Amino acid sequence: MAGGCRSGDPAAFSARPPGWRLAASAALLVLLAAGRGAQALYFHIGETEKRCFIEEIPDETMVIGNYRTQLWDKQSEAFLPSTPGLGMFVEVKDPYGKMVLSRQYGSEGRFTFTSHTPGEHQICLHSNSTRMALFAGGKLRVHLDIQVGEHANNYPEIAAKDKLTELQLRARQLLDQVEQIQKEQNYQRYREERFRMTSESTNQRVLWWSIAQTIILILTGIWQMRHLKSFFEAKKLV
């Protein structure tokens, strides 16, 4: 193409404005924060089965989980809404294994917790059907929607409660998004620091192991030389 530059051309790379890397990084963080904000899925569990999920959450971040259950009906061969007597146990553990939430809910409910430690949180769900005859060896479908950070806020409710205009509500949303991005950045710095500490520890161990191997080889060589010398002296070859 005449007058154009290809993406791999050095001239095109150098012609970009100086702050394009910072802008690209900020845009990437916005996309990551938006993509990680809400996760909806469904899964099947058996009568005594527990299903766990790992969610990476920054510190001081609110998480809201909404779920509903459907029980397999053999007559209609379809999943139907569960009876009120069928409940779900929800357990949440922080990255150090400390219990953050442990509670029993109904067949449809909502659980909320706030993270105080950054890292991988374990969210587990299982039914209480072991003491009831509702399951009867059937299959349960659980619809789960996890919302993290500013996505967990109910902005229409906030606007109605605080009597905010549309502009004020939009400003509130932007402030919450900026705060969430800052938490994501702090969490990425935390992960980078932990990775650097792990790398330095591994490199130090490799260095000490190399030094130990060198010392062992030198000592083994000295021992072999002394042994051969004593052997030759015993044979009167020296």
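**View A. Lys50 and Glu91 form a salt bridge in this predicted model.** The closest N and O atoms of Lys50 and Glu91 lie 3.4 Å apart. The pair links distant parts of the chain, with Lys50 in strand β2 and Glu91 in strand β5, 41 residues apart. Is Lys50 buried, partly exposed or exposed? Lys50 is partly exposed, because its relative accessible area is 42% and that class runs between the 20% and 50% limits. Side chains of opposite charge can pair when their charged atoms come close.

**View B. Arg51 and Glu49 meet through their side chains in a salt bridge.** Here the N to O distance is 3.1 Å. Arg51 is partly exposed at a relative accessible area of 26%, and Glu49 is also partly exposed, at 32%. While you are here, note that the structure holds four salt bridges.

**View C. A salt bridge joins the side chains of Arg191 and Glu56.** Look for the N to O contact of 3.3 Å. Which elements does this pair link? Arg191 belongs to helix α4 and Glu56 to strand β2, and the two residues are 135 apart in the chain. Arg191 is partly exposed, with 37% relative accessible area; Glu56 is partly exposed as well, with 22%.

**View D. Four strands make an open sheet in the order β2-β8-β5-β6.** The pairing is antiparallel. The edge strands, β2 (50–57) and β6 (99–105), each pair on one side only. From one strand to the next, the twist averages 15 degrees. Inside the sheet, β5 (residues 88–93) and β8 (residues 119–127) run antiparallel and are joined by six bridges.

**View E. Strands β5 and β6 pair in the antiparallel sense over six bridges.** Which residue of β6 is the bridge partner of Lys93? That partner is Met99. The hairpin of β5 and β6 has five residues between the strands. In this hairpin, Gly97 takes a positive phi near 85 degrees, a handy torsion to check on your own screen.

**View F. Seven side chains make a nonpolar patch on the surface: Leu207, Trp208, Ile211, Ile215, Ile218, Leu219 and Ile222.** Together these residues have about 700 Å² of accessible area. One of them, Leu219, sits in helix α4 (residues 166–234). Is Leu219 buried or exposed? Leu219 counts as exposed because its relative accessibility is 52%, and the exposed class covers values over 50%.

Conventions. Residues are numbered from 1 along each chain as its sequence is written. This is a predicted model: local features need pLDDT of at least 70, side-chain atom pairs count only at pLDDT 80 or more; totals for chains, interfaces and linings use all residues. Side-chain values use heavy atoms; hydrogens and water are left out. Two strands pair if DSSP finds at least two bridges between them. Axes are lines fitted to C-alpha atoms, for helices over the stretch in contact, and angles run from 0 to 180 degrees between N-to-C directions. Patches are made of residues with over 30% relative accessible area and no salt bridge: like charges are joined within 9 Å, nonpolar side chains (Val, Leu, Ile, Met, Phe, Trp, Tyr) within 5 Å. Accessible areas come from the Shrake-Rupley method with a 1.4 Å probe; for residues, only the protein chains shown count as cover. Buried means under 20% relative accessible area, exposed over 50%, partly exposed in between (1.4 Å probe, protein chains only).
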